[in-house]
Amino acid sequence: MKVSRVVALLAVTALLLAACGGGGGKGGNAGASGGSITIAIGSEPTSLDPQLKDDGGERAVNDNIYETLMVRSPDGKQLEPGLAAGEPTHPGGKDDVWEFKLRPNVKFSNGEAFNADAVVTSVKRIIAPSFKSEQSGFFSTITDARKVDDLTVDIVTKGPDPILPSRMYWMKMVPAKASSDSSFASKPVGTGPYLLKEWVRGDHITLDRNPSYWGEKPSITTVTYKFVAEGGTRLSGLLAGDYDLVTNLLPEDVKRAPKSAHVTGQEHPMIILNARGGITADPRVRQALNYAVNKDDIVSGIFGGLAKPDTCQILSPSFFGYNQSLQPYPYDKAKAQSLLQQAGATGKTIELVGETGRWLKDAETIQAVQNFWQEIGLKVNVRNFQFDEYLNRLFDQKNRADAIFVSSSNELLDADRQYSTYYEDGGIGSSNSDAQLKQLVDKARTELDEQQRQAMYNQAGKLACDNAYFLFLVNNDDIYGMSKRLDWQPRVDAKLLLKEMSVSGNS
């Protein structure tokens, strides 16, 4: 399958932006082009190893230090070569091998050459079971990488993989030698436009522009990331001129920010329900948990209308594999109570694991779910953890909680990302043992016929919906607050690419 055809499958809706004016601010330390900016993000990176964690804080930083073979346009519609010299091909017509030609004369920041050895190392490292990458759901089909020559690599998949080029838009390339050093997680070495200057734990990370960057030099020279979990504190810093960009701007604060922008995003706050054991092993309980929650109230009351109820799937309509026939579980408190009673679960305790500060309105959403579940006769024990420990519990397959909150995004723009990670048995975030669902997901992953592949995802989506393997919640917008001097348009993949930002002067 040609890359252009893959891209056609993955086209997304156009970028939707809304801006509003307000008061000014100091905007940090910078003047015009060549200055510095400060960005407030919700959580500190758990690591700066770009292949280990599935962590938005890490990505916010490392997306500017490391690069990938393929890249996307800001609106998500175009998949283009990055560190690759061109579009990949199937050598010899083999569906399970994709050949990449690499861009010449590119070096990592430590002087190591970017070449086939680096790509082979990057692939083998992230798919190795012993490495235990939390990003494994992105790369579930890849089995090997082989060097052809210094600037040519074959990537091997388990059967045909129609979206392999998109997977390589997500896999960051690491240096063959430096990535084996024990300090690599705190001393990143990439090919990207920025370098790590310092990491003051618990406070900030600062990046400097890479003077040896192979590509076009970004206009901003220095960027500082501050770790600010509380939305009101991020806004206060923005209004005071301490920050130029804040993520997860609260919907109620949009009009107060000097500038704001929002884009229909890929975040799907939801709750994984344990179908293997505990109170949620009974499908009637899982269905009751879905009927108990008023999604429209969450959209209006928590997200200020900047969200939509999920249609019984954790996919956006623009993703390949979206099931057009599914509808949200309606709010029906009486039915939820009846199902609980039938299951003998009324008055029992359910454990809900979560975190606060990483995703927009995460604490408020968890609290709302707790209240709705309590209203139907359950005792709800909410346990919020620091993000690093939360990730350990999210991906712990041996000790699954009854319910685990997560906001799932899908930068591959294809159903396989969510299905491989959260839906099928064996996925790193899965909590069910449904053999039929697993078989459908496995078959769809390597099916080249688009109609057949869509039909498999339709069947898989209905199966997961009927069995209520998740509490399906909403798809919320990504909302940003900005200083007046920052020029930037958000991307549909939520990447904070500094090379796409500039400052227009002091204000």
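Q: What makes the reach of helix α3 close to the expected one?
A: This is a predicted model, and in it α3 (residues 116-127) has twelve residues and spans 17 Å from its first C-alpha to its last. At 1.5 Å a residue you'd expect 16 Å, so the two values are close.

Q: Which residues of α3 are buried, and what do they pack against?
A: Buried in α3 are Ala-116, Ala-118, Val-119, Val-120, Ser-122, Val-123, Arg-125 and Ile-126. The buried residues of α3 pack against β5 (142-149) and β6 (152-157).

Q: Why is Lys-53 called buried?
A: The cut-off for buried is under 20% relative accessible area. Lys-53 has 12%, so it counts as buried. You'll find Lys-53 in the loop between β1 (36-41) and α2 (56-62).

Q: Which residues is Lys-53 in contact with, leaving aside its neighbours within four places in sequence?
A: The list for Lys-53 is Thr-46, Ser-47, Glu-58, Glu-134, Gln-135, Asp-388, Leu-391 and Asn-392. Take Leu-391: Lys-53 and Leu-391 are 338 residues apart in sequence, yet their C-alpha atoms are 8.5 Å apart in space.

Q: What makes Gly-57 buried?
A: Its relative accessibility is 4%, and buried means under 20%, so Gly-57 gets the label. Gly-57 sits in helix α2. Setting aside residues up to four places away in sequence, Gly-57 touches Ile-41, Ser-43, Pro-45 and Arg-358.

Q: What is noted about the phi of Asn-248 and Cys-312?
A: Most residues other than glycine have a negative phi. Asn-248 isn't a glycine, but its phi is positive, about 50 degrees. Cys-312 isn't a glycine either, and its phi is positive at about 60 degrees.

Q: Where are Asn-248 and Cys-312, and are they buried or exposed?
A: Asn-248 is in the loop between β10 (245-246) and β11 (259-273), while Cys-312 is in the loop between β12 and α8 (333-342). With a relative accessible area of 16%, Asn-248 falls under the 20% cut-off and so is buried. Cys-312, at 1%, is buried too.

Q: Why is Ala-307 called buried?
A: Its relative accessible area is 9%, which is under 20%, so Ala-307 is buried. Ala-307 is part of strand β12 (residues 307-309). Leaving aside neighbours within four places in sequence, Ala-307 is in contact with Val-299, Val-474, Asn-475 and Asn-476.

Q: How do you know that α11 is mostly covered?
A: Count the buried residues: eight of its eight are buried. Among them are Asp-416, Arg-417, Gln-418 and Thr-421.

Q: How do α11 and α12 pack, and what is the handedness of their crossing?
A: Two packed helices are described by the angle between their axes and the distance between the axes. For α11 (residues 416-423) and α12 (residues 435-445), the angle is about 150 degrees and the axes are 10 Å apart. The crossing of α11 and α12 is left-handed.

Q: Which residues meet where α11 and α12 pack?
A: From α11 come Asp-416, Tyr-419, Ser-420 and Tyr-423, and they meet Leu-437, Val-441 and Arg-445 in α12. By class, this contact has four nonpolar, one polar and two charged residues.

Q: Which members of the largest nonpolar core touch the most other members?
A: Of its 87 residues, they are Ile-271, Ile-298, Trp-373, Leu-378, Tyr-390, Leu-394 and Phe-470. Helix α13 (residues 450-466) gives this core its largest share, six residues. A second, separate core has 61 residues, including Leu-48 and Met-501.

Conventions: Residues are numbered from 1 along each chain as its sequence is written. This is a predicted model: local features need pLDDT of at least 70, side-chain atom pairs count only at pLDDT 80 or more; totals for chains, interfaces and linings use all residues. Side-chain values use heavy atoms; hydrogens and water are left out. A nonpolar core is a set of buried Ala, Val, Leu, Ile, Met, Phe, Trp, Tyr and Cys residues joined through side-chain atoms within 4.5 Å. Buried means under 20% relative accessible area, exposed over 50%, partly exposed in between (1.4 Å probe, protein chains only). Helices (H or I, at least four residues) and strands (E, at least two) are DSSP runs, numbered from the N terminus. Axes are lines fitted to C-alpha atoms, for helices over the stretch in contact, and angles run from 0 to 180 degrees between N-to-C directions. A crossing is left-handed if the near helix is turned anticlockwise from the far one by less than a right angle, and right-handed if clockwise. Contact means heavy atoms within 4.5 Å. Ala, Val, Leu, Ile, Met, Phe, Trp, Tyr, Cys and Pro count as nonpolar, Asp, Glu, Lys and Arg as charged, and the others, Gly among them, as polar.
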